[in-house]
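Biologist: Please give me a close look at one part of this model, with the terms spelled out.

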Amino acid sequence: MGYVAVKGGTKAIEASIERLKYERLKGEEVLEIKTILATMRSLVDQVMSEASLYAPFLAALAIKQAGGSMEEAVFLMRAHRSTLPRHYYSLPVDTESMFVERRVSASFKDIPGGQLLGATNDYTHRLLDFELIEENTDANHQWLRDYEAKLAANMAQEQEIQYFPKVVDYLRAEGLFDYYPEDNDPPKDVTKESIQFPTTRSERLQVLTRGQTGAVTALGYASLRGYGQVHPTIGEVRVGNVPIHVQHPYENNNDEENAFYIGEIKITEVESFVPVHVKKDNKEELEFEIGYGISYGQNETKAIAMSILDQCLENPHGEFPTHDEEFVLLHIDSVEATGFISHLKLPHYVTFQSKLDSIRQVKKGAETGEN
Amino acid sequence: MKTKTHFAFFDEGSKKEIRRATLKAVAIPGYQVPFASREMPIARGWGTGGLQLTLSLIGKNDVLKVIDQGADESVNAVSIKKLVQHTTGVPLTESTTDATIIQSRHRIPELPLKSDQILVLQVPNPEPLRKVDAREYMTKRMHAEDDYSGAWLILFEQIMRYGKMTTGAAHPVYVNGRYVMAPSPIPRFDNPKMHQSEALILLGAGREKKIYAVPPYTNVESLGFEDYPFTVESFEGEQCHLCGATEVFLDELIDPDSCERTYQCNDTSHCIERLNSKEAEEVEKSYA
């Protein structure tokens, strides 16, 4: 009987980590960070969004270190994020100032400013492109030069930078949307103070935007399909860069003119129109409300699903879990969900022994007719 | 773009925030204090609550012991120890007596702890009423209203159904006669060790973002009925096949060759210390 449970843990861990390194290196290929940045745009965006840390370079590094595992890359970024001091909050961003790359509305055929498809997979046929197996950098280079020339020719005609008005403003003008005063209260930072229920909308939006893409999509889909009361029409999806400003930390000068520009980030923003019943002067009326979705990078499905869940949680409904803020907000975080599921791999023999004892006692009781 | 980590991983602001929550927890024994649980370099559910407590408390003069299910050498205990030592440089120990901070998953060491020691327990589910109601909003209210009928009812139903309370680990306890608390899932065997403990006991749930505490010399009473009292796991007639200990929590082992069942101390360092002192005695005797 030489068996001693869980001994030699130190050596086992060292060997396992070594083996992990071997698995990463054994193909003898080195993936450059710049290659990930240049070619894995969507992956980088998704990692930044779920990690809630806007840092493309670090996201690419995380992807490389994680060997392409989404949950692992997000985990690395989150752990890094929690070591960073946070000195400033940025000023509210007005997304009308977005440098729009793509903007579509499902609500109107023609929207002020027009539809702008931009770069999207939506209309590609999902056929594997075997040409990519033998991609030729020279041919790529040539293609790029041709494309840029074409672009330059177009640019010559249109000089002005165009800003796109919000679709919702058009409906507001018609009286179909209420005007609400801007709520520029500083948001409650969910990473500095854990959320307590009932939550504020700022807390809900933060948790939703850092949610796991798959989880947010699944719950949004569940609501849309039947386990919920929200069926939206997309007023607008826009993707593009927005400028970020911070105020001077000491000078108490709240003038926006004096704010500092610290860079820009790419975001996806969704405004969904959701018809709701409202009572006005004892009359039932149908009005629209907005479900709001926002995400770092280009993550359109997630942002749309988020806009559905935002509306769901604005209108609690006992029958559907998608309208229950605890159900939605406490289960969509990638690091929390994957962490707790994976902890089941840890030894549980003490807790199991304890349960085993209970069951044996019950059986013994039954045998001796103790009950 | 290479960066060095701060002493004990956290920036000082984060440590202060955790210590403030800890102080509140000590001031209200058994009450779950919410805190802004940070993301750690180890996974949520793998001891991040305990780890955050340890890192917020640890100083250069501390000596750390980490155990997982009773074992110092369990892989996750080793991994946690490695991280703390890597970021603090504090000495590690396997001896329960030598440690100033003991982080543990699901066990309280067999040796009684002293007043200059802190026990940090890792907690997966801090809410003893979660089975009564899934919603945090509701369970929080029950605690506030001192409404523990649900907790009693669960035990009562077990007795009705099976003739006995069938809780495994995490049998709920009353702390200081006020809050009902989930004792982290330690086995029932360890529940009495919390009562009037000389050492401060801190419990941290990282994923659920809660810290709670049993301050030294606090009454901790396991829920039970007069006619169906609380009982601990029974190892009657069994003893550790290595050191011969009885009155300790034992692991049940199946010999892979003979398929025989044997028992062995779950607290590995306790077992080794007993073996060593036995050996020392024997050596002394034979030498004499």
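How far apart do the C-alpha centres of domain 1 of chain A and domain 2 of chain A lie? After that, how many residues of strand β4 of chain B are buried?

Modeller: This is a predicted model, in which local features need pLDDT of at least 70 and side-chain atom pairs count only at pLDDT 80 or more, while totals for chains, interfaces and linings use all residues. Residues are numbered from 1 along each chain as its sequence is written, with chains lettered from A and ligands numbered from 1 in the order in which they are written.

The C-alpha centres of the two domains lie 29 Å apart. Domain 1 of chain A covers 11-81 and domain 2 of chain A covers 95-129 + 164-332; such bounds come from an automatic or database domain assignment. Eight residues of domain 1 of chain A and ten residues of domain 2 of chain A make the contact (C-beta atoms, placed from the backbone, within 7 Å).

Now the strand. Five of the five residues of β4(B), residues 118-122, are buried, so the strand is largely enclosed by the rest of the structure. Buried means 20 or more other C-beta atoms, placed from the backbone, within 10 Å of the residue's own; a strand is a DSSP run of E, at least two residues, numbered from the N terminus. I118(B), V120(B) and Q122(B) point one way, L119(B) and L121(B) the other.

β4(B) pairs (at least two DSSP bridges) in the parallel sense with β3(B), residues 101-105, over four bridges, where I101(B) stands opposite I118(B). β4(B) also runs parallel to β7(B), residues 200-205, with five bridges, and there Q122(B) stands opposite G204(B).

Conventions
Buried ≥ 20, exposed ≤ 12 C-beta atoms within 10 Å, placed from the backbone. Contact = placed C-beta atoms within 7 Å.
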